Amino acid sequence: MTGGDVQVVEFGLGNEVFAVPVTLVREILDYAVPSHLPNGPPHFVGLTDLRGQGVPTVDFRRRLGLPAAEPTLATRILILDVPLPDRLLTLGVVIDRVLSVTSFEKAEIEPAPDIGIRWNSQYITGVIRRETGFVVIVDAARIFTTEDAIGVGNHGQLVNA
């Protein structure tokens, strides 16, 4: 991989394809129902056990305002280490399926459009054009911490905001 490459994990939600930098992905787990915690935001589904550590877990579909989907055999939980200004936030993200680990040249990444895409563009790092459509590169620090950092404390404990 050269200095101009970006390596990402591509994943699907319905017919849409998203990606996060591979450097943020600690693990990819088979789906298991997270342990429920009351009073969280609607997209917060509970805690996922990662070798004895309770990891706050969000449903990426609900976070984007999409309808929830029943888990399938392809459903996975991405364990992300999201760098914040004051700490590293470990977060589980429920996705429909993992597609691949891919490298792109930085020059292939187009800026996030302000129109023509149904996701809030402030949560998008950029898009990559493919014959079959676009791959949307998610800004994990923004999309998962804008609200989640307020609702979930340091060790997965809910805090009053």
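Contact here means heavy atoms within 4.5 Å of each other. This is a predicted model, in which local features need pLDDT of at least 70 and side-chain atom pairs count only at pLDDT 80 or more, whereas totals for chains, interfaces and linings use all residues. Residues are numbered from 1 along each chain as its sequence is written, and side-chain values use heavy atoms, with hydrogens and water left out. The protein chain has 3 helices and 11 strands, where helices (H or I, at least four residues) and strands (E, at least two) are DSSP runs numbered from the N terminus.

**Chain overview**
- Along the sequence, the elements of the protein chain follow the pattern β-β-β-β-β-α-β-β-β-β-β-β-α-α.
- Of the 161 residues, 44% count as buried, a term that means under 20% relative accessible area, with exposed meaning over 50% and partly exposed in between (1.4 Å probe, protein chains only).
- Among contacts in the protein chain with a separation of 6 or more, 54% come from residues 24 or more positions apart.

**Sheet**
- An open sheet is formed by 5 strands in the order β3-β6-β7-β5-β4, with mixed pairing, and two strands count as paired if DSSP finds at least two bridges between them.
- Its edge strands are β3 (25-30) and β4 (44-50), each of which pairs on one side only.
- β4 pairs with strand β5 (residues 53-59) in the antiparallel sense over 6 bridges, and G46 stands opposite T57 in β5.

**Surroundings of E10**
- E10 is found in strand β1 (residues 5-13) and counts as buried at 3% relative accessibility.
- The side chains of E10 and R130 are joined by a polar contact of 2.4 Å, a polar contact being a pair of N or O atoms within 3.5 Å of which, within protein, one must be able to donate a hydrogen and the other to accept it, while residues adjacent in sequence count only if both atoms are side-chain atoms.
- Leaving aside neighbours within four places in sequence, E10 is in contact with V17, F18, A19, V98, L99, S100, T102, F104, R130 and V135.

**Aromatic cluster**
- The structure holds 3 aromatic pairs, for which rings of Phe, Tyr and Trp (its six-membered ring) must have centres within 6.5 Å, planes under 30 degrees apart counting as stacked, over 60 as edge-to-face and the rest as tilted.
- The rings of F11 and F18 are stacked because their centres lie 5.9 Å apart and their planes meet at 25°.
- The rings of F18 and F60 have centres 5.4 Å apart and planes at 80°, so this pair is edge-to-face.
- F11, F18 and F60 form one aromatic cluster.
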